[in-house]
Amino acid sequence: MPVTPQDPSAGGNVSASAPGNGDGSLLNPVDRGRLWVEIGIVLALSLGASALYSILSLIASLTAEKPLGSQSTGLNQATSTREWLDFANQFLGFALGLAPVALVLYLLWRPRANPFSELGLDIRPSLIGRDAGRALFLVAVIGIPGIGLYAIGRLLGITVAVQAAPQDQYWWTIPMLILAALKAGLLEEVIVIGYLYKRLDQLGWGTWKIIIASALLRGSYHLYQGIGPFFGNVVMGVVFGWCYRRWGRVMPLVLAHTLIDIISFVGFPLALAWWPGIFGVTK
């Protein structure tokens, strides 16, 4: 049975006991088919496509001449040697990268039903402190062990070196890295947790079936980083999914994910300088 939110004021509608359309009525086969098609389209336009490319990237890495630990991948890298063009490209990447989030919020919209409130993505003065506290809890539970797992994966040679920040730094580099972290937090948590849980609830999936499926999806689109990050992100998906079921709000997950990525992106140059053998590329 799905775990209902413990906080009745949270506003998240995340429980379902039978396939339905959100108001308790059962879905007919045509509606079920339409939901599956919708899920497929959303994932093909967003993180499902990322998962497929990541699987191909891992296969390419494993079949390359160099061992996995000697390879690297880049995040938030420069797109042009001209500063203004690099800024424009990265800002467009942030803005247009949020289109799938807007799409799923639109798809979840119904008359007299606000998708922000249903997913717990709304900002309420009475819940700001609670959301922030829960986010900090998740940062401590997931973020700190995640760095350790990455380091262990690098030492074992099953994780590629992830270059999380560009080498050339401009005045706008850190603000852009913060926007990139915000985009990742919104994209992953709204789609992989909020939207997917809602739709799979309507299709009659059980709580742990949804949590495991979502966690495996989360791990799969991180496979380009190697084997270690796959398992680390699966664990993150399980913890985030369980918390969403308990709290009924996706906002703490978005905040936590954003903070974890800000620490990773902005702190990368320091980490590279302090531990080049772990965060750099092994020759």
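User: How much helix and strand does the chain hold over residues 170–196, and how far apart are the end C-alpha atoms?

Analyst: Over residues 170–196 the chain is 89% helix and 0% strand, with 37 Å between the end C-alpha atoms. Helices are DSSP runs of H or I with at least four residues, strands are runs of E with at least two, and both are numbered from the N terminus. This is a predicted model, in which local features need pLDDT of at least 70 and side-chain atom pairs count only at pLDDT 80 or more, whereas totals for chains, interfaces and linings use all residues. Residues are numbered from 1 along each chain as its sequence is written, and side-chain values use heavy atoms, with hydrogens and water left out.

User: Which residues does UniProt list as "transmembrane region"?

Analyst: The unreviewed UniProt entry lists residues 35–60, 91–109, 135–158, 170–196, 227–244 and 253–275 under that name. UniProt positions follow the numbering used here, feature names are shortened, and annotations may be inferred rather than shown by experiment. For residues 91–109, the model gives 89% helix and 0% strand, and the end C-alpha atoms are 27 Å apart.

User: How is the span of helix α6 to be read, and where does α6 bend?

Analyst: The expected span of a helix is 1.5 Å times one less than its number of residues. Helix α6 (residues 128–156) has 29 residues and reaches 41 Å from its first C-alpha to its last, close to the expected 42 Å. A bend of about 30 degrees occurs in α6 at V139; the bend at a residue is the angle between axes fitted to the seven residues ending there and the seven starting there. Just after α6, G157 takes a positive phi of about 80 degrees.

User: Which residues of α6 are buried?

Analyst: The general idea concerns direction: an α-helix has 3.6 residues a turn, so residues three or four places apart point the same way. Buried means under 20% relative accessible area, exposed over 50%, and partly exposed in between (1.4 Å probe, protein chains only). In α6 the buried residues include D131, R134, A135, L138, V139, I142 and G143. Further along, Y150, A151, G153 and R154 are also buried.

User: What is the phi of N76, and what is the phi of R112?

Analyst: Most residues other than glycine have a negative phi. N76 has a positive phi near 55 degrees and lies in the loop between β1 (72–74) and α3 (83–97). R112 likewise has a positive phi, near 65 degrees, and is placed in the loop between α4 (99–108) and α5 (115–119). R112 counts as exposed at 85% relative accessibility.

User: How many salt bridges does a search of the whole structure find?

Analyst: Side chains of opposite charge can pair when their charged atoms come close. A salt bridge is a side-chain nitrogen of Lys or Arg within 4 Å of a carboxyl oxygen of Asp or Glu. The search finds nine salt bridges. In one of them, E189 and R218 meet at 2.9 Å, N to O. This pair links distant parts of the chain, with E189 in helix α7 (residues 173–202) and R218 in helix α8 (residues 207–220), 29 residues apart. E189 and R218 are both buried.

User: What does the salt bridge between R245 and D201 tie together?

Analyst: In this salt bridge the closest N and O atoms of R245 and D201 are 2.7 Å apart. R245 lies in helix α9 (residues 227–247) and D201 in helix α7, so the pair ties together parts that are 44 residues apart in sequence. R245 is buried, with a relative accessible area of 1%, and D201 is buried at 4%. Elsewhere, salt bridges that share partners join D122, R124, D131 and R249 into one network. Within that group, R124 forms a salt bridge with D122, with the closest N and O atoms 2.6 Å apart. R124 is partly exposed at 24% relative accessibility, whereas D122 is buried at 13%.

User: Where does W247 lie, and is W247 buried or exposed?

Analyst: W247 lies in helix α9 and is buried, with a relative accessible area of 12%. The C-alpha atoms of W247 and G120 are separated by 8.9 Å, although these residues are 127 residues apart along the chain.
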